[in-house]
Amino acid sequence: FDIAVTTNDKQEIDSPYTTWAVILQSFSAIALVAIFVTLILLLIAFYKSIKAGKIFQRRGVKWIRLIGILMLLMTLSMDYSIYLEREYAMTLLANTDWIPDHHFTIHFTRIFFSIIILFVAEILNIGYDIQEEQELTI
């Protein structure tokens, strides 16, 4: 984290901006680890289900949804924590000649991929329903 701010006499400055930024960045880091662990478990489960002859499973759809939601929340919390850091920098540098770049940035690429992952989860959910109906008709 790059939020530690000190004064000339080495006193640390504490602000609600830094507290929330650290909380949001910690959540983002935990969400990223959860995404990787879930992805590994999902790949293992898909391998086992394909080997068993069942491609679509409800559990896999839930895990893919979880990955999409975590990715979306991670992106939004990271973007907001960066905004809080910039807001804090603006308050610290308000009476100086420094003018930091201050705007809210949203990473649309990560949001787009989150939506694609959620869309794939819905397609797999429909495939699961079709597979269940097919098994019942036979």
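**Ground rules.** I'm working with a predicted model, where local features need pLDDT of at least 70, side-chain atom pairs count only at pLDDT 80 or more, and totals for chains, interfaces and linings use all residues. Residues are numbered from 1 along each chain as its sequence is written, and side-chain values use heavy atoms, with hydrogens and water left out.

**Entry 1, the whole chain.** I began with secondary structure and got 3 helices and 0 strands, in the order α-α-α along the sequence. Helices here are DSSP runs of H or I with at least four residues, strands are E runs of at least two, and both are numbered from the N terminus.

Next I looked up burial: 27% of the 138 residues are buried. Buried means under 20% relative accessible area, exposed means over 50%, and partly exposed is in between, with a 1.4 Å probe and protein chains only. The accessible surface of the chain is about 9,800 Å², and 68% of that belongs to carbon and sulfur atoms. Those areas come from the Shrake-Rupley method with a 1.4 Å probe; for residues, only the protein chains shown count as cover.

Then contacts, meaning heavy atoms within 4.5 Å. Of the contacts with a separation of 6 or more, 74% are between residues 24 or more positions apart.

At what angle do helix 1 and helix 2 cross? I got roughly 160° for helix 1 (residues 16–52) and helix 2, with axes that come within 8 Å. The axes are lines fitted to C-alpha atoms, for helices over the stretch in contact, and angles run from 0 to 180 degrees between N-to-C directions. That angle makes helix 1 roughly antiparallel to helix 2, a label for angles over 145 degrees. In this contact I count 26 nonpolar, 8 polar and 3 charged residues.

Ala21 is in helix 1 and counts as buried because its relative accessibility is 0%. Its C-alpha lies 7.8 Å from that of Tyr80, 59 residues away along the chain. Ile82 belongs to helix 2 and is partly exposed, at 25% relative accessibility. Ile82 and Val22 are 60 residues apart in sequence and 10.0 Å apart in space, C-alpha to C-alpha.

Helix 2 (residues 58–92) packs on helix 3 at about 165°, with axes 8 Å apart. So helix 2 is roughly antiparallel to helix 3. The residues of this contact come out as 14 nonpolar, 4 polar and 6 charged.

Is Ser114 buried or exposed? Ser114 sits in helix 3 (residues 108–137) and is buried, since its relative accessibility is 0%. Leaving out residues up to four places away in sequence, Ser114 touches Gly68, Met71 and Leu72.

Ile117 is also in helix 3, but at 23% relative accessibility Ile117 counts as partly exposed.

Methods:
Parallel < 35°, antiparallel > 145°, perpendicular 65-115°, else oblique. Nonpolar A, V, L, I, M, F, W, Y, C, P; charged D, E, K, R; others polar.
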